[in-house]
Structures are given as structure tokens and as C-alpha cells.
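Trainee: Could you walk me through this one? I'd like to know what stands behind each label.

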Amino acid sequence: MLRHDYRRAAALYDSALMIVPNIISTARVRASYYKAKALAEVRGGYYDAARELLRQAFAISGRYGLRDIRLAALQILSEMYTGLGEKEEAQRVRENMLELRDSLRSYAISEDLHQIEMKRERRDMQERMALAEYRAREKDRWLAGITVFALVILYFLLRIRKSNRRLRQHSALLYERMQQLMPPTITGPRQHGCMWRAIP
């Protein structure tokens, strides 16, 4: 194409189209090759061949929503009509090009706004997830602290209970020994102003 050897360029694009499979995943590549070969045919003056190639490019771009390919194909079609001297058709195609270009710009702006909104939502979600993780960690820390505090309190309560049990047992033992050391007193009838006492 740069050397203006349009027949050779068309043949090379045709060879590329022969090896590209006709499947959905290669639709953009095939449409791009069709419109590029059509441009070579237009530049070489082979308008009938270019018309058929553009028809293929328009069909694929319309089927799969390839607006950028359609816009490039319209530009080539406008150049073809200009070469054929059909100024009215060329003007009509240029008007379609302008409408499609405006639509693409609006679509691009809408897509940019959509991307911005998605980024904002993703950032908000990440912030909420980070906050939720922080709260979960704080909750786990509080639960761990409360559990440790409760275990410490329970440990000291058990120690105090054990100490109280030992004190009660010791007190009961002391009381029992005191009872054994203190002899019981027996009060009897008074004789001669004396009181009979039990002999230990």
C-alpha cells in the first residue's frame, strides 16, 4: 500500500483472508481485512471488487456491532463514490459517517462514564470490605479479651472458693478441738452453799 502497489496489496489481503477461519472470534480480523482490501481495490481503480468487499465488511460489522469497522468502511465507500464521480452518493455517505462518528463519541462518553461509575462502586465496595474486615478483627479482639478476662476472674474465684473451703474446714477443726478442751459444767442442787461440780 505504501508503494502504491495496490494489486499486490489486494492479493496479500486475499491470502490473509484465506487462512483466517470464519468463526465469531475472528470476525473483527476478517472485517478489517475486507475493508483494507477494499481500500486497495479503490485506490487501484477496481470499484466493482471494492463494492463486494465493502458489502462483506458492512455485513460482519453490522452482525457483531463493530462500529469502528463500519465507520472506516463508510469512509472507503465515500472515497469510491468520489472516484466514480457520484458526488451525491459520496455526500450521503459522509453524512452517515458524521452521524456514526457522533454516535461513537456519545457511546465512548457513555462508556467512560460507565467505567467511572464502576470504578467508584468498586472503590466503595473495597472500602466497605476493608471496614467490615476491620470490624471483624476488632470484634475478635474484644471477644478474645473478654474471654481471657472471664477466665482470669473464674480462676481467682475458684482460688478464693478453695481458700474459703480450707478456712471453713480449719475453723471447724479448731472449734471441734476447743470443744474437746473445754469440759462441760453440770449444775446440781446447792448444799451448804456449795455447788457440786463434775470431776473431770
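**Core and helix packing**

Mentor: Let's start inside: the largest nonpolar core has 26 residues, and Leu54, Leu74 and Leu77 have the most contacts inside it. This is a predicted model, where local features need pLDDT of at least 70 and side-chain atom pairs count only at pLDDT 80 or more, while totals for chains, interfaces and linings use all residues. Residues are numbered from 1 along each chain as its sequence is written, and side-chain values use heavy atoms, with hydrogens and water left out.

Trainee: What makes a set of residues a nonpolar core?

Mentor: They must be buried Ala, Val, Leu, Ile, Met, Phe, Trp, Tyr or Cys residues joined through side-chain atoms within 4.5 Å. Here, helix 2 (27–44), helix 3 (47–64), helix 4 (67–84) and helix 5 (87–181) each give two or more residues to this core. Helix 4 gives the most, with 8 residues.

Trainee: And how do you know what counts as a helix?

Mentor: Helices are DSSP runs of H or I with at least four residues, strands are E runs of at least two, and both are numbered from the N terminus. The protein comes to 5 helices and 2 strands, in the order α-α-α-α-α-β-β.

Trainee: Why is Ala36 called buried?

Mentor: Buried means under 20% relative accessible area (exposed is over 50%, partly exposed in between, with a 1.4 Å probe and protein chains only). Ala36 has 12% relative accessibility, so it counts as buried. Ala36 belongs to helix 2, and its C-alpha atom is 9.6 Å from that of Ala50, 14 residues apart along the chain. Across the protein, buried residues make up 20% of the 200 residues.

Trainee: Which residues is Leu54 in contact with, leaving aside neighbours within four places in sequence?

Mentor: Those are Ala38, Ala73, Ile76 and Leu77, where contact means heavy atoms within 4.5 Å.

Trainee: Why are helix 3 and helix 4 called roughly antiparallel?

Mentor: Their axes come within 10 Å and cross at roughly 160°. Axes are lines fitted to C-alpha atoms, for helices over the stretch in contact, and angles run from 0 to 180 degrees between N-to-C directions. Over 145 degrees counts as roughly antiparallel (under 35 is roughly parallel, 65 to 115 roughly perpendicular, the rest oblique). Helix 3 and helix 4 are therefore roughly antiparallel to each other. The residues making the contact include Tyr47, Ala50 and Phe58 of helix 3 and Ile69, Met80 and Leu84 of helix 4.
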